[in-house]
Amino acid sequence: MKVRAHVFISGRVQGVFFRAHTQMMAMKHNVTGWVRNLRDGRVEAVFEGELKDVEKVIEWCHKGPPLAKVDKVEVIWEDYKGEFSSFEIRY
């Protein structure tokens, strides 16, 4: 089953290569979408793919890369749109 998750990650998640690692994890699990930093210090991402694959990437987001300290991961499940062909870092 294909799903879409809109995710907001809070904590020490900027300046620790969170976006680059998220992109690597998404690509490893065949998940498409994007990730970006928000002005309020959070990281925002949209993941699309098979449910089990998206769940693996979200699970990773709770830990993040070695220098990150994740305090909260908010997941909003949305209708799958299939609008992405890859996973990109947005600026």
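This is a predicted model: local features need pLDDT of at least 70, side-chain atom pairs count only at pLDDT 80 or more; totals for chains, interfaces and linings use all residues.
**View 1**

View 2. Helix α1 spans residues 18-28, and its buried residues are Phe18, Thr22, Met25 and Ala26. These sit on the same side of the helix, because they cover an arc of only 100° around the axis. What do the buried residues of α1 pack against? Their partners are β1, β2 (32-37), β3 (43-50), α2 (51-61), β4 (69-78) and β5 (87-89).

**View 3. The five-stranded sheet.** The strands line up as β4-β1-β3-β2-β5, making an open sheet with mixed pairing. Out at the edges are β4 and β5, each of which pairs on one side only. On average, neighbouring strands are turned by 20° against each other, direction ignored.

View 4. β1 and β3 run antiparallel and are joined by eight bridges. Take phenylalanine 8: its bridge partner in β3 is glutamate 44. Helix α1 lies across β1, β2, β3, β4 and β5, and runs at about 175° to β5. Helix α2 packs on the sheet too, touching β1, β3 and β4, and its direction makes about 155° with that of β3.

View 5. Histidine 6 belongs to strand β1, which covers residues 2-12. Is histidine 6 buried or exposed? Its relative accessibility is 15%, and buried means under 20%, so histidine 6 counts as buried. Its side chain makes a polar contact of 2.6 Å with the side chain of glutamate 44. Another polar contact, 3.2 Å, links the side chains of histidine 6 and glutamate 78. Leaving aside residues up to four places away in sequence, histidine 6 also touches others, including Ala45, Val46 and Ile76.

**View 6. Inside the largest nonpolar core.** This core has 24 residues, and those touching the most other members are Val7, Ile9, Phe18, Phe47 and Val54. At least two residues come from each of β1, α1, β3, α2, β4 and β5. Which element gives the largest share? That's α2, with five residues. Now pick out isoleucine 9: beyond residues up to four places away in sequence, its contacts include Phe18, Val43, Cys61 and Val70.

Terms used: Residues are numbered from 1 along each chain as its sequence is written. Side-chain values use heavy atoms; hydrogens and water are left out. Helices (H or I, at least four residues) and strands (E, at least two) are DSSP runs, numbered from the N terminus. Buried means under 20% relative accessible area, exposed over 50%, partly exposed in between (1.4 Å probe, protein chains only). A polar contact is a pair of N or O atoms within 3.5 Å; within protein, one must be able to donate a hydrogen and the other to accept it, and residues adjacent in sequence count only if both atoms are side-chain atoms. Contact means heavy atoms within 4.5 Å. The arc is that of the directions from the helix axis to the C-beta atoms. A nonpolar core is a set of buried Ala, Val, Leu, Ile, Met, Phe, Trp, Tyr and Cys residues joined through side-chain atoms within 4.5 Å. Two strands pair if DSSP finds at least two bridges between them. Axes are lines fitted to C-alpha atoms, for helices over the stretch in contact, and angles run from 0 to 180 degrees between N-to-C directions.
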